[in-house]
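Student: Could we go through this structure together? I'd like to begin with one residue and its surroundings, then move on to other topics.
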There are 2 protein chains.
Amino acid sequence: MQNVDYIIGGDYVLTMDENLTVIENGAVAIKGNKIIDVGVYSEIYKKYNPEKEIRREGSVILPGLINTHTHAAMVYFRGIADDLPLKIWLENHIWPAENKWLSPEFIYDAVELACLEMLKGGVTTYNDMYFFEDAAGETTKKVGMRAVLGTGILDFPTVSARTPDEYLENARSFVNNWKGDELITPCIAPHAIYSCSTETLEKSRAIAEKFNVPLHIHLSETQWEAGEVKIKHNKKPVEYLESLGFLDEKVLAAHCIWIDDDEIEILARRKVGVSHCMESNLKLASGFAPVVTMLMAGVKVTFGTDGAASNNDLNILSEMSTTAKVHKALSNNPTVLDAKKALLMGTRWGADVLGLGDKIGSLEKGKLADIVMLDLNKPHLTPVYDVYSHIVYAAMASDIETVMVNGKLVIDNRKLLTGDEAEILYKAVRWAEKIKRHLLKINL
Amino acid sequence: MQNVDYIIGGDYVLTMDENLTVIENGAVAIKGNKIIDVGVYSEIYKKYNPEKEIRREGSVILPGLINTHTHAAMVYFRGIADDLPLKIWLENHIWPAENKWLSPEFIYDAVELACLEMLKGGVTTYNDMYFFEDAAGETTKKVGMRAVLGTGILDFPTVSARTPDEYLENARSFVNNWKGDELITPCIAPHAIYSCSTETLEKSRAIAEKFNVPLHIHLSETQWEAGEVKIKHNKKPVEYLESLGFLDEKVLAAHCIWIDDDEIEILARRKVGVSHCMESNLKLASGFAPVVTMLMAGVKVTFGTDGAASNNDLNILSEMSTTAKVHKALSNNPTVLDAKKALLMGTRWGADVLGLGDKIGSLEKGKLADIVMLDLNKPHLTPVYDVYSHIVYAAMASDIETVMVNGKLVIDNRKLLTGDEAEILYKAVRWAEKIKRHLLKINL
């Protein structure tokens, strides 16, 4: 009998491994931050002597969900402006709010709320592009969540920097601060083609290469953007990045809505990962990304929530459900994007496109223990014929019962173990009071 | 001081009245099954002496949500077959399961689970078309939910009847059984144009007129159906019903996907109510209903979940969110179907199209007390800038805390007060075991 820290068992273990193995009455043995075995519960129990055991009737064990594109701190602007055209939403509401409020203190507090929301919805890793990311890293680490973080790089001044060189210098020092961290992977995050010059993109790429870290960029989110790039560079957005030698498997491109088949072929060939942000794209009427075509071309499409000011939550279960359904209707084919595929995109593929595929994304021996337990004992999940279908088409974030990140329990019985939930909500309310008072003043 | 049974108070009362009045720190006074006053909490409290008071910090009070099209008992087939073309799904999976299993006992048990799921998600009224609806009525009444129920009328035999005349006779006796009931409104439910002859439709219409009850029909759900009607009757589906004198404000038409502007004009002129079943339509790839065009033409579009075998839940909050977002993207306009409009469609308009607009659908003096309390003290609903936006774009069914139907508390603190939740789930599991054993046997 080998001593282990945890055995986590449930009615079903969805490993999300190469064969999408499902183990009925299965269990996962965890030691330190690693999964050391996965199998039938009775056998795991014979082999290992756990410090702690977590097993609940009617539960499903699955890998932590992965949110491949967000601006986590924007939870503090959730619902500040809705049902507006993108330009007005951004220029009249979001940018002024960001300029007024963003600071390391704001980010620290806001990201804690975002982590709480994501963890409670089964998300164990998120990929962020925003400002003052050192503060985001600190709070994410404190809560015990995994993240890939990148400070946005732009050509125009914001609260975070004034010049491209200052942004790039910030990015370099951010990578230095966090490289090698257990939970936080630093990345380089040039904002978008329309907001970064060719030089800025090339310098961003060079830093990413030097430090061997991922690149995260917005790509073809709006029709306007695709048109701008065409006018300025006489190329389609993906072709332009390809011409710079920007694209490879280290790149995560968010949105990819206004792209054509030639561009999809480039994304597939260069093994670029895509973050599809369905709910944000719908709500801002940005358009429909050609997800089914990308999947058929071999592009790894994954799920991003985008910021909570445009969605309005950080709910990957909901993104899976909406995406699987909308793309069936768009392709006039109910067999595409089935429940298994959707969950694969939300777990293992999410890890792959963030360069973490060897570490997380599935429940396999040797991988890090990022594990979620979902409770099926709910009216809307009863009875059970197909557990994949339940997770994708019927489960809610509130069905997530227990969450482990890196071998450490962070949520149990839907309660945060690594922070004070009431205090996190209270801080948000206090920030929002200041923000609302200011909005009232400027609108007078 | 007048004695009342309840005062229900919250941070916000969304009355959903003509002016969409929102009362901050508001309250509703209830006596018997009626709302006798709505106003600012401190004033309501001065005027009335409640038997019981329900007030929680950080809550929103709103009218019960209304599900205008479902087949409630299909919850027992939730997840039995997914990601399949409609024809295969229906003919190879759903119809055989229905033929094998449907009985008054099945319906009684399954509808109890459906009611539980709907109530826990804030739905206080549902509009059902299925079989053995006497059993549905009994269980719905037992749980204390409101419903409009109609036994499906078809030209071909099912477990419920053999001939059109038998179906019509059943429908007549069903109406006789339930007419005048406090919670259950019987209706006449000819299944669809393609499954009912002209004679069956005309006789259905005649019974509805005689008893002055609503009509509920599937209309233009698939492109195939619209084509069939054209071939058989040389008319578009809505034109055909119009030619029969079938259409008026007593008719609730579910789906209405494959209809054109001329047909929309008829629906508007005849004041036909529409149940839009976005998530079912997406998942079965049935198409996109022209919701924005219908709204612009003045058609009252409301939300239906359809059966849980095609969706896979009975979640109106989710339908509101998905519908509001998808139709922005389809119209390339993020200002359409804003949060207020979506909630109006899910409450007052839902009541209107079921002929219950004078009784329920808003929180106003004299209306029946169908009231929902939603808890905002959640990470994904923090902070609060706009309560409509939170309900439509961020809230989950699990945020519903307390539900009153007809002046009686049915859910409090997310617990069912009118039945044993564990027993309801257990019954579902036992039925599903039988169904699974049979599926295994026939698939061998």
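Tutor: Gladly; bear in mind that this is a predicted model. Leaving out residues up to four places away in sequence, A:Ile54 touches A:Tyr6, A:Ile7, A:Ile8, A:Gly9, A:Met373, A:Thr402 and A:Leu409.

Student: Where does A:Ile54 sit, in which strand?
Tutor: A:Ile54 belongs to strand S4 of chain A, which covers residues 48-55.

Student: And is A:Ile54 buried or exposed?
Tutor: A:Ile54 counts as buried, because its relative accessibility is 4%, where the cut-off for buried is under 20%.

Student: How far apart are A:Ile54 and A:Gly10 in space?
Tutor: Their C-alpha atoms are 8.5 Å apart, although 44 residues separate A:Ile54 and A:Gly10 in sequence.

Student: Switching to cysteines, how many disulfides are there over all chains?
Tutor: A search of the whole structure finds zero. A:Cys256, for instance, is in no disulfide, and the nearest cysteine sulfur, that of A:Cys277, lies 9.3 Å away. A:Cys256 is also buried, with a relative accessible area of 0%.

Student: Last topic: what rotation superposes chain B on chain A?
Tutor: A rotation of 180° with 0.0 Å of shift along its axis does so, with an RMSD of 0.0 Å, and that is the relation of a two-fold axis. In chain B, the C-alpha nearest the axis is that of B:Ser398, at 3.3 Å from it. Both copies use the same surface, since 100% of the contact residues of chain B recur in chain A.

Note on methods
Residues are numbered from 1 along each chain as its sequence is written. Chains are lettered from A and ligands numbered from 1 in the order in which they are written. This is a predicted model: local features need pLDDT of at least 70, side-chain atom pairs count only at pLDDT 80 or more; totals for chains, interfaces and linings use all residues. Side-chain values use heavy atoms; hydrogens and water are left out. Copies are superposed by least squares on the C-alpha atoms of residues with pLDDT of at least 70 in both. Contact means heavy atoms within 4.5 Å. A disulfide is a pair of cysteine sulfur atoms within 2.5 Å. Buried means under 20% relative accessible area, exposed over 50%, partly exposed in between (1.4 Å probe, protein chains only). Helices (H or I, at least four residues) and strands (E, at least two) are DSSP runs, numbered from the N terminus.
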